[in-house]
Number of protein chains: 2
Amino acid sequence: MQARITVTLKNGVLDPQGQAIEGALGSLGFSGINSVRQGKTFEIELEETDRDKAQKILNDMCEKLLANTVIEDYRVRIMG
Amino acid sequence: MQARITVTLKNGVLDPQGQAIEGALGSLGFSGINSVRQGKTFEIELEETDRDKAQKILNDMCEKLLANTVIEDYRVRIMG
């Protein structure tokens, strides 16, 4: 079972990397950019075939390792 | 106009970071993991309101800065 996890900074948490990218895009001549925020994705393939069980395992992975839940949000999407 | 860009390594390109995460998940007791691959996301807010123009600008940003198209693929999703 294939899944995609997206981890992004919570609203209000400063994102210096996103600001640097915004600056770099400006230097390259792109204008009209209101904001850039960077995050991470994980594409995970599990042996588990039960959707609910896979969802539970993936949430658990996020809580324990993949996301810092103090400053980050995560979304789990199972792609079947 | 809000958009999300996802940049992932092309198939066949070695992903040592993904392998390290796979190892770390194993150490935490997670089993049945076939593969982990890591990527990046960018959440970008543009002033542009025309969907086609925004798509073109975002593709351009990927080609010029956000993705290394030799080893990475990118997907642009406009969320309106």
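This is a predicted model: local features need pLDDT of at least 70, side-chain atom pairs count only at pLDDT 80 or more; totals for chains, interfaces and linings use all residues.
Local features need pLDDT of at least 70, side-chain atom pairs count only at pLDDT 80 or more, and totals for chains, interfaces and linings use all residues. Residues are numbered from 1 along each chain as its sequence is written, chains are lettered from A in the order in which they are written, and side-chain values use heavy atoms, with hydrogens and water left out.

**View 1. Contact between chain B and chain A.** On chain B, 31 residues are in contact with 31 residues of chain A (contact: heavy atoms within 4.5 Å). About 2,800 Å² is buried between the two chains, 60% of it from carbon and sulfur atoms (buried area: the accessible area, with a 1.4 Å probe, that two parts lose on being put together, summed over both). B:Phe30, B:Thr41 and B:Glu43 supply 19% of the area that chain B buries against chain A, more than any other three residues.

**View 2. Polar contacts between the chains.** Between chain B and chain A, 10 residue pairs are in polar contact, both residues at pLDDT 80 or more (polar contact: a pair of N or O atoms within 3.5 Å; within protein, one must be able to donate a hydrogen and the other to accept it, and residues adjacent in sequence count only if both atoms are side-chain atoms). The count of salt bridges is 0 (salt bridge: a side-chain nitrogen of Lys or Arg within 4 Å of a carboxyl oxygen of Asp or Glu).

**View 3. Pairing of the E2 strands.** Strand E2 (residues 33-46) of chain A pairs with E2(B) in the antiparallel sense over 13 bridges (strands: DSSP runs of E, at least two residues, numbered from the N terminus; pairing: at least two DSSP bridges). A:Gln38 stands opposite B:Phe42 in E2(B).

Methods:
Helices (H or I, at least four residues) and strands (E, at least two) are DSSP runs, numbered from the N terminus.
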